[in-house]
Amino acid sequence: MVTILLATLNGEDYLKAQLESIAAQTYENWQLVVGDDGSTDDTISIIEEFSEKHPDQVTIIKNDPPQGSAKDNFISLLRNSYGPYFMFCDQDDVWKPDKIYLTLQKMESLEARYGDKIPILVHSDLSVADSNLEMIAESFFQYADIPKRIVLNQLMVQNSVTGCTVMINRCLQQYFLRELPISKIIMHDYWAALIAKVFGKIGFVNESTMYYRQHGNNSVGAKNAKNPVYLYHRLKEGKNSYRRMMIESMEQVQGFVDTYGEEIDSLDVYELLACYGELYYKGKLRRLSFYKNNHVLKEGNVRKLMQWLWG
């Protein structure tokens with residue numbers, strides 16, 4: 001069985017299409033757990049109507065008080081749900097019919113090879129679409145110019161795991177049951193990717209399993225990293241904005257080491273993480289030297305340029 005975790009907040013515009021795409025999955029042994037964060041539109045009504053059609057497969061949690069962010073909502077859902085496998089689901093996307101099947105197939109192959117006693121994360125490519133689901137790009141990874149192959153040196157500074165494509169196993173879920181430095185976690189998917197990379201395995205389905213809908217209310221969204229307009233806007237945001245994001249990534253790694261450091265077997269991995277977590281206390285030359293010597297560089301020329309200028 002696969003437990004789908006759906007975080008909602010005022011999602012009436014696109015929610016029906018997402019729910020219908022879940023119902024249309026070729027893999028039918030799923031449970032949907034919805035965490036609503038205080039919707040004031042018809043979101044709850046839409047979910048309840050869907051629940052009536054699938055009475056044994058839907059659980060609705062009304063967060064009171066609201067969790068306050070998608071990150072907190074997903075982490076709460078993960079901590080309060082059960083199952084051997086968990087998938088994160090956004091309210092405004094559309095899943096392709098084989099999404100669960102393909103992701104689970106990869107997960108099961110990894111567990112068959114490595115066992116189910118290590119944390120495993122599987123993610124996939126996704127198609128970028130506009131608000132009407134008209135295609136923008138077949139491959140999010142090509143569009144955003146981010147790497148499919150994940151190495152820890154790069155993951156620390158740049159997350160290339162998209163949460164709405166992710167499946168994790170029960171072992172990885174257990175790492176979320178600890179006392180976590182919530183304020184230092186950038187996003188739930190980023191934290192899960194760090195866990196899987198340091199302690200377990202990350203698998204990738206090299207095809208699009210969903211439509212990643214872009215619209216005005218996206219909390220993250222897809223950016224065309226090769227577009228000159230993207231470069232202009234990133235440079236316009238300036239040093240302070242970029243530096244703040246770099247500090248957030250360092251603080252996240254510091255929180256990761258504080259939480260799980262004693263369990264990291266590799267001294268090299270521990271020192272890499274610990275040094276990066278303390279890097280924002282150092283001068284710029286020390287930071288740049290660390291990036292170069294440890295190959296801690298973002299993917300893409302634009303991102304590398306900003307890292308050297310402002311990192």
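**Legends to the close-up views**

**View 1. Alanine 24 in its loop.** Alanine 24 has a relative accessible area of 46% and is therefore partly exposed (buried is under 20%, exposed over 50%, partly exposed in between, with a 1.4 Å probe and protein chains only). The residue belongs to the loop that joins α1 (15-23) to β2 (30-36). The C-alpha atoms of alanine 24 and aspartate 98 lie 9.0 Å apart, although 74 residues separate the two in sequence. The model is predicted: local features need pLDDT of at least 70, side-chain atom pairs count only at pLDDT 80 or more, and totals for chains, interfaces and linings use all residues. Residues are numbered from 1 along each chain as its sequence is written, and side-chain values use heavy atoms, without hydrogens and water.

**View 2. Fold and packing of the protein chain.** The protein chain holds 12 helices and 9 strands (DSSP runs of H or I, at least four residues, and of E, at least two, numbered from the N terminus). Its radius of gyration is 19 Å, close to the 19 Å of the globule rule for 311 residues, so the chain is as compact as a globular protein of that length (C-alpha atoms; rule of 2.2 Å times the number of residues to the power 0.38). Of the 311 residues, 55% are buried. Among contacts with a separation of 6 or more, 78% join residues 24 or more positions apart (heavy atoms within 4.5 Å).

**View 3. Charged side chains.** The protein chain carries 33 positive and 40 negative side chains, and the centres of the two sets are 11 Å apart (Lys and Arg positive, Asp and Glu negative, His and chain ends not counted; charges placed at NZ of Lys, CZ of Arg, CG of Asp or CD of Glu).
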